[in-house]
Amino acid sequence: MILPQIRDPRFITLRRGGTLTDDDHHLLALWAADCAEHVLPLFEAVEPADPRPRQAVEQVRAWTRGEIRMSDSRSAGGHAMAAARVLSGPARHAAFAAGQAAVVAHVAAHELGAAAYAIKAVRAAAPKDEAEKAGRDECRWQRDRLPDAIRALVLDDQRLRNDICWSVFDC
């Protein structure tokens, strides 16, 4: 479980009683998409004919541009996670990252799911003695891509949820 039991109002949109603006929600979704896309080759190397994880990333980006409804992105996320369930190792984690990215359109707090699964994918793909370093490098790569407008929010979220996200944000 990567979501907290009590929802953080900073990740709930203004229209639903939280404090998250639409612009910041879109930035969270785009950052999650970047995190997932960075590891998609790990899925595509194993399942080159399965477009579901890549489509999930494309769908959440389309949602941020107003081209599709939230429910379309959320549905694409579910399809990507279905692709993950039958796999193991890096490919599984990469597909879950894509699925988590797509469902950010529905629940903004899934942004950490995309990032955490991407780190897990990189760790699983690395030789055993290099896995921790690979994970830290991926974590830093992700942080380097955080837009300034959401940087403090995401870093605080990583601090608060690191334990339920397999401690992957210790970088």
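How many disulfides does the count come to?

A: The model is predicted, and the count comes to one disulfide. The bond joins C139 to C171, with an S to S distance of 2.0 Å, and that pair counts because the cut-off is a sulfur separation within 2.5 Å. A disulfide is a covalent bond between the sulfur atoms of two cysteines. The torsion about the S-S bond of C139 and C171 is about -45 degrees, so this disulfide is left-handed.

As for position in the chain, C139 belongs to helix α6, which covers residues 131–144. C171 is found in the segment after α7, a helix that covers 148–161. The pair therefore ties together parts that are 32 residues apart in sequence.

The two partners can also be described by their accessibility. C139 has 0% relative accessibility and so counts as buried, since buried means under 20%. C171, at 26% relative accessibility, counts as partly exposed.

C35 is in no disulfide. The nearest cysteine sulfur to C35 is that of C139, 9.2 Å away. C35 counts as buried because its relative accessibility is 0%. C165 is likewise in no disulfide. For C165, the nearest cysteine sulfur is again that of C139, at 11 Å. With 0% relative accessibility, C165 counts as buried.

Notes: Residues numbered from 1 in each chain as written. Predicted model: local features only at pLDDT ≥ 70, side-chain atom pairs only at ≥ 80, totals over all residues. Heavy atoms only, no water. Helix = DSSP H or I, 4+ residues; strand = E, 2+ residues; numbered from the N terminus. Buried < 20%, exposed > 50% of the residue type's maximum accessible area, 1.4 Å probe, protein only.
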